[in-house]
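Have the structure open while you read.

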Amino acid sequence: MVIGVAHDDVLNLRAGPGVSEEIIGEIPPTHEDLVAQGNTRRLPRSFWIEVEFERIRGWVNLSYVGYAGAVDDRTAEVVSALGGYPTNSTMTGLAEEVAEVFVQDDEPGTSVVQVTPVTEGDLFEVTYDVIGLADDAVRGLRLHVFAEEAANGFTLSNVEVLVICGRGVDGELCV
């Protein structure tokens, strides 16, 4: 799956490993059906993996690829950490508050990227990736933050967390 790519960006599929190679496709930020082709290349500052996307074989930077692990409802953890169900004037602000619960302050490489914008319906939703965690088996977390509209903005309803594995998945556990 694609990880850590902002909602208004794409992951470039390239003809070969490296940023100077021709772009032959653009992969959406939440695409989950990449097929690894078994080839990896190490460059001086990055690793690249050959994948298939929409019947096109190409190369992507390994930093933007992960394996989907377990999905868990982590609402209680967030509510406990924030001292109650938070409300924010914007859905994006609410999701950023939630994401901060999962950021590791002692890990300088941790970052948060919005991968899908707010959607409307019975519940409002926004998705964020928290990437760069210290655990080498876990590349990050994909947070699905749901909220209800309130008089002064949005109030958290629930938080689903998908674990993003770095090396692979055994059942639902990262290896």
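Predicted model: local features only at pLDDT ≥ 70, side-chain atom pairs only at ≥ 80, totals over all residues.

Asp129 is buried, with 0% relative accessibility (buried is under 20% relative accessible area, exposed over 50%, partly exposed in between; 1.4 Å probe, protein chains only). Asp129 pairs with Arg142 in a salt bridge, with 2.7 Å between the closest N and O atoms (a side-chain nitrogen of Lys or Arg within 4 Å of a carboxyl oxygen of Asp or Glu). Arg142 sits in strand β10 and Asp129 in strand β9 (residues 124-131), so the contact ties together parts 13 residues apart in sequence (strands are DSSP runs of E, at least two residues, numbered from the N terminus).

Arg142 is buried too, at 1%. Its side chain also meets Glu32 in a salt bridge at 3.9 Å, N to O. Glu32 is partly exposed at 49%.

## Another bridge

Asp136 and Arg167 form a salt bridge as well (3.1 Å, N to O). Asp136 is in the loop between β9 and β10, and Arg167 is in the loop between β11 (153-165) and β12 (169-170), 31 residues apart.

## The disulfide

There's one disulfide in the structure (cysteine sulfur atoms within 2.5 Å). Cys165 and Cys174 make it, with their sulfurs 1.9 Å apart. The S-S torsion is about -75°, so this disulfide is left-handed. Cys165 is buried at 0%, while Cys174 is partly exposed at 22%.

Residues are numbered from 1 along each chain as its sequence is written, and side-chain values use heavy atoms, leaving out hydrogens and water.

Notes:
Helix = DSSP H or I, 4+ residues; strand = E, 2+ residues; numbered from the N terminus.
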